[in-house]
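Please look over the sequence and the model shown here before reading on. The paragraphs after it are meant to be read with both at hand.

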Amino acid sequence: MWRDALLVAGKDLRIELRSRVVLNQVAPFAVVVLALFAFALGPNRAPMVEAAAGLFWVAVLFACVLAVQRSFALEAADGTRDGLRLSGLDPAGIFLGKAAAIAVQLVVLEVLLAAGVVLFYGAHVHSYVAVLVACAAGTAGLAAVGTLYGALAAGVRVRETLLPFLFLPVVAPVLLAGTRAWQVALGTGPGGDAADPWLRLMLVFAAVYLAVGVLTFGPLQEAG
Amino acid sequence: MASAVSLRAAVALTGRFPVLAGIDLTVDPGEILVLEGPNGAGKTSVLRACAGLLPVTSGHAVVLGHDLRRHPSAVRRQVGMLGHAAALYNELNVVENVRFAVRAAGGSVDGIDAALDRLGLVGRLRRTTVGRLSAGQRRRVALAVLVARHPALWLLDEPHAALDAGARALLGDIVTGAVAGGATVLIASHEPEASLPLAHRAVTLAGGRVTDERTLERRVPDPGQIESTRVVGAVHVA
């Protein structure tokens, strides 16, 4: 399973390095989203700093949808999906490999967006540990859910519109917990709030969806 | 000796439509079988069912000793399929595509260079991304994957499409070599003049069933030269 996961992740990342779709299209899109929110909130810094945590995660979610669509578009062209099924690769390995490749791309996007939050909104980080743990757990959860629903939508003709419809409601806990954890980390949350419960929620969410993906990706791939 | 492919009253559905409607087909190990028939006859469906890509919902279906109704995916690593699409990643170059396909199938990468040489994929072509290749060149890359993988069962769907005369002759050599190495080959084709010279037997399909069967006197072509084939026996099945 791990060998297959490395093989698939390596292939997806090599394709991304070659095509630079995430770097040249998805990343600018995510930064533009942040900038537009900044314009919408007006010239006053206070509301921007207060909203920074939530807007960061909204931008991550939108960017994640595009990254997942791109990941499964690779398997829709020229019969490559059948090629992947015929290869005999362990479906759990394919799931973990595709999720890992999406996660790596999300990490790059999150670094850019975090810089954008500091630059556009003037946010200051008070707890780097909370920021990093939230990003790690959120990335794992989003990549797992994205890969799962990407496979589910892959065989459907209207997959481009179906994926956000399926994906965004399911990842609402990541949006909520990530925002609250970041609010604590940025010192913009309600007084007395702690990041730990939100981080635990994100870790459990990621663990559950990674396990569900490992167990169900095979049947999903066959049914898609 | 057990058959390489054994389908008896096998039914496969696409939606609610029976693309295989109780087909009976047996293919011996080391045999080259050509599937003929009009569009929609079920040729591609037979190949996809044998690859475990199309579920067989009733009847008997055993390929390379694997029961397709119980474990449809178990046979896949032993099968190599050349479909209408080349199943290649446009952003990867020729070597990267072949290496990924071979490693994914659990094969050895040692034979990749030889396979690429054999298909004429040499020099700068090897480092060219597949998205920039012509249809015929993509077909050659897909064939190189099969040559490098050495599957036990070759499933070739219109394999001569997009190939020039030289590549067609080379395909004949490759198929002959695969059978000499113990493989079994099923070819779905609309080009009898190209496919029948390679075959031991031809079956005609219509409506997802076998309607006619012919044993051919196969004359193994010299390398690069496909000779004519004579029909020596015919059986009208339905």
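Predicted model: local features only at pLDDT ≥ 70, side-chain atom pairs only at ≥ 80, totals over all residues.

Residues are numbered from 1 along each chain as its sequence is written, and chains are lettered from A and ligands numbered from 1 in the order in which they are written.

Chain B holds six helices and 11 strands, these being DSSP runs numbered from the N terminus, with helices (H or I) of at least four residues and strands (E) of at least two. The C-alpha trace of chain B spans about 50 × 40 × 35 Å along its principal axes. Its radius of gyration is 17 Å, which agrees with the value near 18 Å that a compact globule of 238 residues would have; the radius is taken over C-alpha atoms, and the globule rule is 2.2 Å times the number of residues to the power 0.38. Of the 238 residues in chain B, 51% count as buried, that is, 20 or more other C-beta atoms, placed from the backbone, lie within 10 Å of the residue's own. Among contacts in chain B (C-beta atoms, placed from the backbone, within 7 Å) between residues at least 6 apart in sequence, 67% join residues at least 24 apart.

Within chain B, helix H2 (residues 94–104) packs against helix H4 (residues 135–149) at an angle of about 40°, their axes lying 9 Å apart; axes are lines fitted to C-alpha atoms over the stretch in contact, and angles run from 0 to 180 degrees between N-to-C directions. The residues in contact include Val98(B) and Ala101(B) of H2(B) and Ala144(B) and Val145(B) of H4(B).

Between the chains, 18 residues of chain A are in contact with 22 residues of chain B. On the side of chain A, helix H1 (2–19) and helix H4 (80–86) are the elements that give two or more residues, and H1(A) has the largest share, six residues.

Elsewhere in chain A, Gly213(A) lies in helix H9 (residues 196–223). Why does Gly213(A) count as buried? Gly213(A) is buried because 25 other C-beta atoms lie within 10 Å. Not counting residues up to four places away in sequence, Gly213(A) touches Phe95(A), Ala99(A), Ala144(A), Thr147(A) and Leu148(A). Gly213(A) and Leu96(A), 117 residues apart in sequence, are 8.0 Å apart in space, C-alpha to C-alpha.

Technical notes. Buried ≥ 20, exposed ≤ 12 C-beta atoms within 10 Å, placed from the backbone. Contact = placed C-beta atoms within 7 Å.
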